[in-house]
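Hi there,

Here is the structure I promised to pass on. Have a look at it first, and my notes on what turned up follow below.

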Amino acid sequence: MLTGGLKRKSKAASEIPSSSLADMAFLLLIFFMVSTTFRQEEPREVEFPEAQATQKLDEPRKNILHLYVESDGSIYINDRQTPPAEVSNVIAPIYADSDRRLVVVLRADRDVPYRYVDAVQKELQEAGAYRVTFYTNLAQRVTRERR
Amino acid sequence: MALMRKKGGRASGEIPTSSMADIAFLLLVFFLVTTVFDEERGLPIVLPEQGEEQEVSQRNVLHLTVLEDGTVEVKRGESPTVQRVSARDVAGIWRLGFQQNPNLIAAVKTAPNAPYRNMVAVLDQLQTAGAERISLQILE
């Protein structure tokens with residue numbers, strides 16, 4: 001190329017090359033996409049009771065079974081509505097599969113009449129699943145009223 | 001003159017991809033912000049085995065009857081006196097009773113039509129007070 005003897009002074013680039021930013025961003029994105037696990041079941045319309053003594057359950061996910069009891073008394077296990085008498089038939093094989101480590105998280109609505117929960121309890125006893133957690137939301141500590 | 005074109009303006013034919021990083025980061029921040037960890041929590045309890053009805057002396061039993069309106073009837077062992085309290089007082093009653101008798105068992109009987117949260121409130125009080133031997137039954 002004929003430049004007539006004049007060399008173009010190149011301006012010193014004072015920017016950090018950001019061309020690899022997109023690479024990094026996509027890598028992170030792919031990481032999250034791959035490591036995200038999705039819920040195995042549909043969320044249910046249940047309002048949980050509150051309790052101050054709510055504890056965190058440290059159990060691997062595979063040993064946990066959610067048992068929903070809605071306010072009208074209908075019972076849902078793994079997205080299937082189960083009549084109360086069938087609960088032990090559904091739970092027993094799951095309990096056996098889990099090497100007797102199954103924890104049933106009883107997610108019952110706060111206003112469901114207790115007799116439904118009691119029926120479920122009896123069925124769980126029949127199935128042999130003794131480890132039960134009543135799912136609750138953490139209640140804020142109620143300050144004592146000064147008398 | 002009007003037709004003089006700048007030599008440098010060669011149409012490159014490429015779509016500018018400089019905003020790809022922006023989009024990627026936006027998506028990333030979206031996922032970071034919306035991810036919720038579903039934690040398991042609640043009041044743990046171990047149900048007794050079926051048919052494992054242990055005979056316990058009435059002296060070691062604190063009867064708590066949970067009613068539909070949320071109040072609790074407290075009856076100590078064989079004593080005929082029944083005290084009607086609100087659920088909030090159960091922790092204190094348990095602590096007192098446990099102090100006097102470390103073998104105390106709480107027998108919680110809930111009315112069939114009482115809302116579930118009444119039983120949870122009493123169970124909550126008992127577990128807050130450190131009770132470990134709790135029996136949950138329905139009021140016949």
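This is a predicted model: local features need pLDDT of at least 70, side-chain atom pairs count only at pLDDT 80 or more; totals for chains, interfaces and linings use all residues.

Now to the interface as a whole. Chain A brings 47 residues to the contact and chain B brings 38 residues. Between them, chain A and chain B bury about 3900 Å², with 62% of that area coming from carbon and sulfur atoms. Three residues stand out on the chain A side: Tyr114(A), Tyr130(A) and Phe134(A) supply 20% of the area that chain A buries against chain B, more than any other three residues.

As for the polar side of things, 21 residue pairs are in polar contact between chain A and chain B, counting pairs with both residues at pLDDT 80 or more. Three salt bridges cross the interface. In one salt bridge, Arg117(B) meets Asp111(A), with the closest N and O atoms 2.8 Å apart.

Which elements of chain A give two or more residues to the side that touches chain B? Among them are helix H1 (21-35), strand E3 (64-69), strand E6 (103-108), helix H3 (114-127) and strand E7 (131-134). H3(A) gives the largest share of that side, nine residues. By class, the side of chain A that touches chain B holds 26 nonpolar, twelve charged and nine polar residues.

Happy to hear your thoughts once you have looked it over.

Best wishes

Definitions and conventions
Residues are numbered from 1 along each chain as its sequence is written. Chains are lettered from A and ligands numbered from 1 in the order in which they are written. Side-chain values use heavy atoms; hydrogens and water are left out. Contact means heavy atoms within 4.5 Å. Buried area is the accessible area (1.4 Å probe) that two parts lose on being put together, summed over both. A salt bridge is a side-chain nitrogen of Lys or Arg within 4 Å of a carboxyl oxygen of Asp or Glu. A polar contact is a pair of N or O atoms within 3.5 Å; within protein, one must be able to donate a hydrogen and the other to accept it, and residues adjacent in sequence count only if both atoms are side-chain atoms. Helices (H or I, at least four residues) and strands (E, at least two) are DSSP runs, numbered from the N terminus. Ala, Val, Leu, Ile, Met, Phe, Trp, Tyr, Cys and Pro count as nonpolar, Asp, Glu, Lys and Arg as charged, and the others, Gly among them, as polar.
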